[in-house]
Amino acid sequence: MSMSPLDHAKAPSRRAFLGGGGALVVAFSLAPRALAQLAGGGEGGAGPAVIAPDLKGSLKNHPWLDAWIRVDGDGRVTVFTGKVELGQGIRTALIQVAAEELDLPPGAITLVTADTRRTPDEGLTAGSHSMQDSGTAILNAAANVRMLLTNAAAALWRVPAGGLATTGDGHVRGPDGRLAAYGDLAAGLSLHVAAVPDAPLRNPADYRTLGKPLPRVDIPAKLTGGAAYLHDMRLPGMLHARVVRGPAEGTRLVEPDIQAVEAMPGVVKVVRRGAFLAVVAERQWTAIQALRHLQRAAHARVTAPLPAGAATGAPLSGDAVEAVLNTLTPRDIAIEDTRTPTGPAVHTVQARYTRPWISHGSIGPSCALARFQDGEMTIWTHSQGTFDVARVVTELLGLPAEKVHAIHAEGAGCYGQNGADDVAADAAVIAFAVPGRPIRLQWMREQEFGWEPLGPGMVTRLAASLDADNRIVAWRHEVWSNPHNNRPVGAGGVLAGAEVDPPFAAPEGKPIPMPEGDGSRNSNPLYTFANTHVLYHFLKDMPVRVSALRSLGAHLNVFSIESMLDELAAAAGIDPLALRLAHMEDPRARDVMQAMAAGFDWAGRPRGDGRRGCGMAFARYKNLGAYCAVALEVEIDRETGRAWVRRAFAAVDCGQPANPDGVRNQIEGGLIQSLSWTGHEAMAFSPERRAAFDWSGYPILRFQDVPGTIDVRVVDRPGLPFLGTAEAAQGPTAAALANAIADATGVRLRDMPLAPDRLKAALGPV
Amino acid sequence: MTITLTVNGVDHAVDAPPDTPLLYVLRDDLALNGAKYGCGLGQCGACTVHVDGKPVFSCVTPVAAVAGRRVRTVEGLGTVDTPGILQQAFIAEQAAQCGYCISGMIMRAQALLDGVRRPTDAQIRAHMQPNLCRCGTHGRILKAVRRAADMMGGTVPQAVRS
Ligand code: FES
Ligand code: FES
């Protein structure tokens, strides 16, 4: 059902199928590339050009059915997606979507994920867009194919198509019980036709696969040592490489001892291209030892110094985060500005909230394979932007675009732009210098921490007022942030681009416009407040290398909004959930909050008593993705300041869930990850660089701090459009934690991380 | 230099520098994918395997130190077609997201279940503490270890292969 990376290495390209007997593929359907230079599909860029605006999801960009689905003469079905498996379970969910609308068992479907020569370019796999873009495209493409197959049977039997049905096992059944196999019907049919917008969809009441908790197809191999990851690929003649850099972004080694390394037994080559430096060896351990030898050289900072306020060597205080951002010149972007006459304010609360720079912290340092053979570069990458990797390498090495082929293979979870794009470019530069030999390059742990783009530090300032009837009569939200999307679309976006000679200029940071937003994401409340003013102070200059981290600005914006609502409720002495419901008109948002309230027993919750307390929060991701409400019960150790979550409950509405267990897995994971970010994490800086290089310098949540219980209720919405889920828990969990701590202790923590030492200090002597 | 080690019951003679971490010998010389490189520092557990029944970080264990000893990796517990009890339990709980940490989690858990028949939840948490997961799969991992312990203790029937 799923292809291992090694299968990909052997698989013929899509073009090789041209003219293949019996197959429906007539020609590979590439959409125009007019706008393809822009990263799309989830981080707000334009992405691939829209050529069929009437169609849904990525069919808008790729309307031809054979770009998505191939039915072979023997009835086997291959489905193509431009999205990739990141551990979010998308492979299984997309197979379910295709199986449902083709009316086939899921086991009959082979899914091919992003490959620049085989699949549609759907931009990035990011921004919780995969179900909306690719799921919707495959749903409708499959419905089109089922319609064509049914029509073909009707023509064959000379009966009206209305009397025919599919059987669920690859056949069309006639009114008299006659059966025709999909494979036979497909043999006489071309799928090189554009989808129609109104192909009938199956009735959700008849679903056989969609909405069922199908076990994930990728999990068994991952638990048994199967070749499940890019890291597990072993190509014939493969060499191991390590890229050689200073300890952290902004630094370079000074005169590393290259001669000594070239003389080391087992070292095949030292690759230099401008300031780019890498070692290639027969054995991985040799490459690592060569790297360690080169790293003994001194290093120097080669870019602008870090702002003085950052260089504390310790996690930054909220004041320090703000001091750093205050050194940058903002461009002000109005997000929302409404004026409504109201009664006078009775309670007004003002507060500043901050988040430090956060690492993606992938458990597996980034890895890539590259092979340059016969003038053609092939790159296996776990980047979220497979097509962008090809574009980056094309520009970086000056190769013709048609000579660069990028293929996705799975990596460790990335949660945004970690080192994946950089390491793919690094591997290509190395492979270019060692033609004919596949190169496997994995970054070291300290390189991942030292060089990957971080999630940006951010500050918000909010002011809000209640009138005598507990109505919110004024709401002001200002947010200061760097751009969150610096995903590379050309050579200037990757580390190697700045190292080769001549270097490629780094592109200027740009904001993502609303409604998706970046630093502004979710800064506009979904609630109905009078006199709402939301302002984004966009800071284009980046003193620290930053890019997308799961949920972008929504993490701090939702934290801020949902903390402020509790601060207002506390000022007025009203229930936090009641305050939210009183200002929420969206019925699905209300349902999710009420599902949370029922599942958590909000009404019967233990009230804050100094040691125990509860908090809740809600957001609809980007105000257009999944709805998510989270409630937490915490237990405080006043001696240490530790806040342990005894009990967590989340309710989520993501439209029609493709796989409810997959949704639960994502929400549980997002909840735990957000507890780690919010409660524990901050990158530290020394005067000249980042100061955390391993898990002792950058601790994340471990088992002892995992919540006692986590329950997720998925609200079923049969047949409603898919809404992205993967990032929905990040913001609500963060605020629910602060709110629970405040309920338990009366102490309001506004600066992340809400760490034990900070809570202990705020609590004062025991 | 040639070093002989026993991996999952099979003897192997590998020609590797004696200071090579066991992790790279397993992955590159023996083509075993289970143990993963996570940190190389003994801080994350992605590389966890057993040596003579004890969990070790293979990334900081020189291959020379395991010469003549019994090494067990996740491949030794079962296969895709015949998964071992812990692997069955992880599948039943769908206890993986990216899954990169999971082989190490399973080997860590196996060491507990090899020694303790009926571990308490607190014992499971304490035992799993050295291993990191970034996807937040911890809740399901704990449930899977609990389920495996119950399966081994006979409280829950072993899953028939799905
Ligand atoms: S890779 Fe061995 S402990 Fe992290
Ligand atoms: S499942 Fe991804 S790191 Fe644990």
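Two strands are taken to pair if DSSP finds at least two bridges between them, and helices (H or I, at least four residues) and strands (E, at least two) are DSSP runs numbered from the N terminus. In these terms, β1(A) and strand β2 (residues 77-80) of chain A pair in the antiparallel sense over three bridges. The structure is a predicted model, in which local features need pLDDT of at least 70 and side-chain atom pairs count only at pLDDT 80 or more, while totals for chains, interfaces and linings use all residues. Residues are numbered from 1 along each chain as its sequence is written, chains are lettered from A and ligands numbered from 1 in the order in which they are written, and side-chain values use heavy atoms, with hydrogens and water left out.

Contact here means heavy atoms within 4.5 Å.

Chain B is divided into domain 1 (2-75) and domain 2 (85-155), with bounds that come from an automatic or database domain assignment. The centres of domain 1 and domain 2 of chain B, taken over C-alpha atoms, are 21 Å apart. In the contact between them, 15 residues of domain 1 of chain B meet 13 residues of domain 2 of chain B. The two domains of chain B bury about 1,200 Å² between them, 56% of it on carbon and sulfur atoms. On the domain 1 side, B:Thr48, B:His50 and B:Val74 lose the most area to domain 2 of chain B, together 36% of what that side buries. Buried area is the accessible area (1.4 Å probe) that two parts lose on being put together, summed over both.

One salt bridge is found across this domain interface, the term denoting a side-chain nitrogen of Lys or Arg within 4 Å of a carboxyl oxygen of Asp or Glu. The side chains of B:Arg72 and B:Asp114 meet in a salt bridge, at 2.7 Å from N to O.

Between the chains, 57 residues of chain B are in contact with 63 residues of chain A. Chain B and chain A bury about 4,900 Å² between them, with 53% of it on carbon and sulfur atoms. Five salt bridges are found across the interface of chain B and chain A. B:Arg134 forms a salt bridge with A:Glu681, with the closest N and O atoms 2.6 Å apart. The elements that give two or more residues to the side of chain B that touches chain A are α1 (22-29), α2 (85-92), α3 (102-115), α4 (121-128) and α5 (138-152) of chain B. With five residues, α5(B) gives the most to that side.
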